[in-house]
Amino acid sequence: MSNVIQTPTLLAAAITTALLAGCAGQATSESTAAPAAEKSMAAATMAMAGPAPLAPLGEPPIPPDNLQSPAKIELGKILFFDPRLGGDASTGCSTCHEPDQGWAWAEDFSRGYPGTVHWRNSQTIINSAYFPRQFWAGSASSNESQARGAARGGVAGNGEADIMEARLRVIPEYVERFREAFGTEWPIVRDAWRAIASFERTLVQRDTPLDKYLLGDKSALDAEQLKGKEIFEGKGGCIQCHNGAITSDQDFHNIGIPPNKRWEEDGLAQITFRFEQYAKGQTQEGYRKAKSDWGFYYRSKNAWDKGKFRTAPLRYLKYTAPYMHNGVFYTLEEVVDFYDRGGFDEDGRTTLFKENKSSLIKPLGLTDDEKGALVAFLESMSGEEMLMDKPAMPEYAPLFTKAELEAAQEAK
Amino acid sequence: MGVRVKTGHTLLAATLGLGMAFGAQAGKYPDITSLPDLKINAAKAELGKRLFFDRRISGDAGIACSDCHKPENAYAHPDALSPGYPGNGHFRNSPSVINAAHKKVWMHDGRLGTNLNDVTREMLTEDYIMNMDMRIMQERAKQDPKYVQMFKDAGYGEPSNGSIRKAIPEYLKTLTSVNAPIDTGKMSASAKRGQKLFKGKAGCIQCHNGPLATDGKAYNTGVPENFDIFLDPMNHHAFIAFAMFQGIEDYMNLKRDPGYYNITMDAADTGKFVTPSLRELKYSAPYMHNGMVKSLYDVVAFYNRGGGKDSRKDSRLKPLKLGKQDIKDLVAFLESMSGDPLTSGQHVWKDPYPAEYPVIENWTQVKN
């Protein structure tokens, strides 16, 4: 087994609150993000040197201002599973990132906060520690800022910082654990995001067949997978975007993913779709006419970024179906067929922004055997399933005794 | 979270002494007369009514205005401490919203002093009240054909969060006292005796005056703390979030509701609450900002003892030495300020809400 992590017993709690919708300067689920500057850089390097080769995954980067510690990691784990870090105490991180659903959610659109549905597919937490750009459109820059955004988003955690912080403070075990991990008298919600980020940095998988192969174990991939690797790096052209140790150039491309039909068929999904246009800062005109996810455009506001998404990492895919930002494909076979057709689904549908479609995406002319080999190779990027039991949640308890309250009353 | 509004009330000068002859005093205070009529736009109010009873205007679609402001309880809540948004408690009693449209200052501590649009916004967005991202609220309304029609009929055009916050206050205007004996003049002999006491010996009129029986100012009457705020962590965390947001120092160690102090940050205002209206009390028990007094009889007994215990208690409150009959009469007078319950279809939205949002047909072709 690779990374089955044992869970000690702990109790936990957390919180959330609502978004102040009327105010200016709304928090959207995007917090910070890297501008488009490096976009062309990746392309330039590639032209000169060719794409970075596939490589074994190293240790995840640890930010100097949030070093790992056992106390922090353990705390982060409990918090990750605690639904009290959400508006109505029902929806925490693990609610949409279920360990036994690939640390994601096995539907096209993620489940949402109660009363809502999300509009994008839930991404796996596994290996997210490596990504300098988080979310499908790369809008968060670290696990820390990502967690904050996730807990607050109206269709995600819908939790406001102050109520979440207050909840943590009436859970004595958390008070103690935050003190141990961060040295504060009372839990501070920002430290909750830091602890969760530390926990996420332990959710990495570095012993897949591909890693073993790249580290010198030539028997780690079978003949079919080796053939698939060749296609991936050659005829299939996948390596042009899915490269390096994290199998992603962390750049943004429009590969032709068609809009999810559910927006035409599901009232709840239509509500979220329109809300997201506002939440992501669309203009009034854009709000009126948008009929698909404009992806990286929401951040860059450049017309040529419409329909572009971050190159999705390909590790741990075996457990994270469905695929793509809107979950339109349920199997890796469908994905490969999509690429083979040059970025069209089986009904010939493609992105609404054809003008932005990457020139790297074109019909591949793969045979059935070649397609099978490519799928087999994609699967070699996943190791064992990483499962984890939900830790016990610490309980609320009063901070004051009745005697203390009576004394305060007497002293009035 | 709500906007903190400085209400800047000048409190009654302390010289209004109890030593004065009450008879002479009574004339100084505006009588409890009938409330003026309000101009109401029927279509807007009807829309506001549907919204007031609709749980879908809360974050998780789990709680409506009417779940805390219940028609059968004079649009207040029968628990001492209000329920909270799911996953939260609360730390104050949910007040009646009947006649709220006639007020100039809202909330027990008087922190809102602008208009009902702002009060509605606070209710909708506050974490532990309805936790609603108003952009989602707007899109939900746009997905409900009945709302689309009603907004149009009300002259608002398409549903928007701004017009939701206008329609609800329009509905609140329809919630006013109807047929209260004090307005119709059909008061019992006991109530009439009570009224005399109210204006005279009992001194209630000093603070409870004018059409709403409130001067809109804040006083410390020494109501005991409700320990359940602190003994129930769900209530306590809502209280902590509130105190934190209001900028009250040392909020983790607070063991009392600071009340009006919240607005002035002057220690002398600790434990003051805004004089509530005395209309529609018959159905709105329990009483006081924290529901600590169970019945009107207990309220009068409380004043008869000279109020509660607090070093900053208002000097107007002194033991009243009322007899048994006086107490009964005062209670009868208080009850005479309650009218007919507003529980019929005229005030209550009784049609069911759709279980699901219908899909907008031909979605790719129509404008959002």
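A: Let's start with the polar contacts: between chain B and chain A there are 27 residue pairs in polar contact, with both residues at pLDDT 80 or more. A polar contact here is a pair of N or O atoms within 3.5 Å; within protein, one must be able to donate a hydrogen and the other to accept it, and residues adjacent in sequence count only if both atoms are side-chain atoms.

Keep in mind that this is a predicted model: local features need pLDDT of at least 70, side-chain atom pairs count only at pLDDT 80 or more, and totals for chains, interfaces and linings use all residues, while side-chain values use heavy atoms, leaving out hydrogens and water. As for names, residues are numbered from 1 along each chain as its sequence is written, and chains are lettered from A and ligands numbered from 1 in the order in which they are written.

Now, which elements of chain B take part? (Helices are DSSP runs of H or I with at least four residues, numbered from the N terminus.) H11(B) gives the most, with nine residues.

By class, that side of chain B has 28 nonpolar, 13 polar and 15 charged residues. Nonpolar means Ala, Val, Leu, Ile, Met, Phe, Trp, Tyr, Cys and Pro, charged means Asp, Glu, Lys and Arg, and the others, Gly among them, count as polar.

Next, the overall extent. Counting contact as heavy atoms within 4.5 Å, 56 residues of chain B touch 60 residues of chain A. Between them the two chains bury about 5100 Å², 62% of it on carbon and sulfur atoms. That's the accessible area (1.4 Å probe) lost when two parts are put together, summed over both. On the chain B side, B:Arg135, B:Trp363 and B:Asn368 lose the most, together 17% of what that side buries.

Finally, the salt bridges: a side-chain nitrogen of Lys or Arg within 4 Å of a carboxyl oxygen of Asp or Glu. In one, B:Glu139 pairs with A:Arg274, with the closest N and O atoms 2.5 Å apart. In another, B:Glu158 meets A:Arg288 at 2.6 Å, N to O. B:Glu158 sits in the loop between helix H6 (145–153) and helix H7 (161–172) of chain B, and A:Arg288 in helix H12 (residues 284–289) of chain A, so this pair joins two chains.
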